[in-house]
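These are my notebook entries from going through one structure. I wrote down what I looked up, in the order I looked.

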Amino acid sequence: MKIFNKLKNLIRKILPSFLISWYHFLLALLAAIIYCFPSYQKKLKIIGITGTNGKSTVVKMTSKILEEAGFSVAYSSSIKFKIGKKETENVLRMTMPGRFKMQRFLRQALNNNCQYAVLEVTSEGIKQHRHRFIDFDVVLFTNLTPEHIEAHGSFEKYREAKGKLFKTTGNIHILNLDDKNIEYFLKFPAEKKYGYTTNSELKIKDEKIKVVKAKNCLISDKGIKFSVNNSEINLRLLGNFNIYNALASICVGLSQGINLRTCKSALEKIEGIPGRMEIVISKPFKVLVDYAFTPNALEKVYQTIKNNFGSQKMICVLGAAGGGRDKWKRPVLGKIAAKYCDNIIITNEDPYNEDPMEIMNQVAEEAGLKAKKILDRREAIRQSLKEAKKGDIVVITGKGSEPCICIAKGKKIPWDDREVVREEFKRLKRS
């Protein structure tokens, strides 16, 4: 495996970009040939979920709705892989697996008599042709904010990568009508289009688009409520953004002939999404763990807490994911933390081959005087728990349910923010 990785890195260095693209395309074709084009079998329908944030949650919600309707489902997300009733953790540290793993997953889903496969699709995956030779029946757009800018070259090229999924695949397009980039995604033709929104006044010029609107939205520290076509839906999830995630999955259900009653039943059974606004400790103070590592996602997490948990003191632990990439967002993350958090602890996250202290210093540039820097992530979490008083809220972001910390030379340290919180909380209680 090490030799193979070295060979891949060498190829990337010596080949021009257009040849690298062909290299990825040919690998995608080879993978599809080896596994006999599993997605082109009529027995298996493929649903692709793309966007900056919310993909894993929409995959989970969509799968629940399909299963509630009686279908056998496989899914691939940054959190888990599931084929039928068998679930495994995603330990690859890749949201969208490589071409051979993806095609093998689809072949296994088909061999296990799954009727649907729900896949997270990333811009990097699209850039490397991992979506090629997958016959998508439905493609869904959640939202778009700046991310992976250095990898793609600009926000426009990042958006263009997402757009390729809608340009070349999908009989059915499902789109977030409230996103600023919606006009770009609306221009791609499809046999059927569904749009979702929380704006009751929104009017769409294209009458062919079936619009699903959420009304009477109520958000609290217990969950969220909203109604669709006079049907009230109560979710045990936190945050306004989960209304959008739910609407997206409802649109998938409706597009597959599943009624709203079944969608409601499935969504209301979901107790939480691992590492997504997950409450790990409830008393005497709350500790929440969330995956948010983009500026938009981080701000939404902080806004949700500020708006729905009262005026409690907020202690925030954060870093900057992905050493060697997206350096632009590091001071932006620090600035957002300074805006919302009472205490800030900046710590290590996934430095890869970069100096973790340098990453932390860049986050701290805009975080202000109230920010502390603690290199050891466990120590940072321990310190946040020590500082918390009754009624306070500790928010730990950047990793969610990820199973490891990625450091230099491709090494991985086993890790789980949630388990570390529980361990340190027990030690704090005993001391």
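Predicted model: local features only at pLDDT ≥ 70, side-chain atom pairs only at ≥ 80, totals over all residues.

Entry 1, the pocket. I began with the term itself: on a 1 Å grid over the protein atoms alone, a pocket is an open set of points where a 1.4 Å probe fits, with protein on both sides within 12 Å along at least five of seven lines, and lining residues have an atom within 4 Å of a point. Grid points are joined across faces, edges and corners, and a volume is the space filled by probe spheres set on the points. I then looked up the second largest pocket and noted about 330 Å³ of space. Its lining has 16 residues, and Asp221, Arg236, Leu238, Met277 and Ile279 lie nearest the centre. I sorted the lining by class, where Ala, Val, Leu, Ile, Met, Phe, Trp, Tyr, Cys and Pro count as nonpolar, Asp, Glu, Lys and Arg as charged, and the others, Gly among them, as polar. The lining came to eight charged, six nonpolar and two polar residues.

Residues are numbered from 1 along each chain as its sequence is written, and side-chain values use heavy atoms, with hydrogens and water left out.

How many salt bridges does the rule give? I got 21.

I looked at Lys339 and Glu299 next, whose closest N and O atoms are 3.4 Å apart in a salt bridge. Lys339 is in helix α12 (residues 329-340) and Glu299 in helix α11 (residues 295-308), so I wrote the pair down as a link between distant parts of the chain, 40 residues apart. Helices (H or I, at least four residues) and strands (E, at least two) are DSSP runs, numbered from the N terminus.

For exposure I used relative accessible area: buried is under 20%, exposed over 50%, partly exposed in between (1.4 Å probe, protein chains only). Lys339 is exposed at 59%, and Glu299 is partly exposed at 22%.

Lys399 and Asp350 form a salt bridge at 2.8 Å, N to O. Lys399 lies in the loop between β18 (393-397) and β19 (404-406), and Asp350 in the loop between β16 (343-347) and α13 (356-364), so the pair ties together parts 49 residues apart in sequence. Both residues are buried.

I found Arg377 in helix α14 (residues 377-387). Is Arg377 buried or exposed? Arg377 is buried, at 3% relative accessibility. Its side chain reaches the backbone oxygen of Asn348 at 2.9 Å. I also listed contacts (heavy atoms within 4.5 Å). Not counting residues up to four places away in sequence, Arg377 touches several residues, including Asn348, Lys399 and Trp415.

I found a cis peptide bond from Lys283 to Pro284, with omega near 0°. Pro284 is in the loop between β13 (278-281) and β14 (286-290).

Cys36 is not a glycine, but its phi is positive, near 60°. I placed Cys36 in the loop between α2 (17-34) and β1 (45-50), partly exposed at 47%. Phe133 also is not a glycine and has a positive phi of about 60°. Phe133 sits in the loop between α5 (123-127) and β6 (136-141) and is buried at 19%.

Key. Salt bridge = Lys/Arg side-chain N within 4 Å of Asp/Glu carboxyl O. Polar contact = N/O pair within 3.5 Å; in protein donor to acceptor, adjacent residues only side chain to side chain.
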